[in-house]
Amino acid sequence: PQRRLARGLIEAFRIIAPHAIVTAVGYTVVLDLMPLAGAGVWWPVLRSLALTGMAYGAGSFLFVALFKWLLLGRYDQRSVPMWTPFVWLSEAATNLYEGVAVLNFMNYLRGTPMLPWALRLLGCKIGRGVYMDTTQITEFDCVTIGDYSEINALACPQTHLFEDRVMKIDHVIIGKRVYMGPRSLVLYGAVVGDDARLGALTLVMKGEFIPAGSSWRGCPAAPAIF
């Protein structure tokens, strides 16, 4: 009973929290600005909305970052049954990340030098000059991306899978100057060598090694000529 209660509370929190945050902030802003809007003083209204939007986005990100670091700490290689608190909290962190931080803040940083900085604050190891057009990362500390790599739209270093009711987490290592095409996927335990190229929708299976300077495409990945 205690385990069911604990999971119920965590699941309720991760379902309710994103909507509660949006509703609370929205109502607060509307109630504060309605008198100004009613008086026709539009410049302070527009200025306040802009500043509030930026503060809300940054605050959403900081809330998720604190949740991750305080309750989960640093991710590392492990295998954990689904009926344990670690998995429940990890799924809650992922849900908050995707439903709060990504929607309200990180989507606006895609393709800019600021996204790697934000992901580093969550634990990712990202080198210099990396182009990131994706936020599809969950166990942040298990992701390593080398200098000057290009991670295109919705590409995903997938650091966990659920197998036989067990959550299995491992590292994904992407070398320097690697090209990951749109919606390509590298499963946990895989290593992509320097200067490798992965075509769009390519799936690198778990534990695979992609040699340096080679080109791959397909599901599962196979050698290719671009």
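Tutor: We start with helix axes: these are lines fitted to C-alpha atoms, for helices over the stretch in contact, and their angles run from 0 to 180 degrees between N-to-C directions. Please keep in mind that this is a predicted model, where local features need pLDDT of at least 70, side-chain atom pairs count only at pLDDT 80 or more, and totals for chains, interfaces and linings use all residues. Residues are numbered from 1 along each chain as its sequence is written, and side-chain values use heavy atoms, with hydrogens and water left out.

Student: Why are H2 and H4 called roughly parallel to each other?

Tutor: Their axes cross at roughly 30° and come within 9 Å. Angles under 35 degrees count as roughly parallel, over 145 as roughly antiparallel, 65 to 115 as roughly perpendicular and the rest as oblique. H2 and H4 are therefore roughly parallel. Helices here are DSSP runs (H or I, at least four residues), as are strands (E, at least two), and both are numbered from the N terminus.

Student: Which residues make the contact between H2 and H4?

Tutor: Phe61, Ala65, Lys68 and Trp69 of H2 meet Ala118, Leu121 and Leu122 of H4. Contact means heavy atoms within 4.5 Å.

Student: What makes Lys68 count as sitting over the ring of Trp69?

Tutor: The rule asks for NZ of Lys or CZ of Arg within 6 Å of the ring centre and within 35 degrees of the ring normal. The charged end of Lys68 is 3.3 Å from the centre of the Trp69 ring and sits over it. Arg120 likewise lies over the face of Trp117, at 4.6 Å from the ring centre.

Student: How do you know whether Phe61 is buried or exposed?

Tutor: Buried means under 20% relative accessible area, exposed over 50%, partly exposed in between (1.4 Å probe, protein chains only). Phe61 has 5%, so it is buried. Phe105 has 21%, so it is partly exposed.

Student: What makes a group of residues a nonpolar core?

Tutor: It is a set of buried Ala, Val, Leu, Ile, Met, Phe, Trp, Tyr and Cys residues joined through side-chain atoms within 4.5 Å. The largest one here has 52 residues, and Tyr97, Met106 and Leu119 have the most contacts inside it. H3 gives the largest share, 11 residues.

Student: Why is Arg165 called exposed?

Tutor: Its relative accessible area is 58%, so Arg165 is exposed. Arg165 also has a positive phi of about 60° although it is not a glycine. Most residues other than glycine have a negative phi, and most peptide bonds are trans.

Student: Where is Asp195, and how exposed is it?

Tutor: Asp195 is in the loop between strand S12 (191-192) and strand S13 (197-198). Its relative accessibility is 37%, so Asp195 counts as partly exposed.
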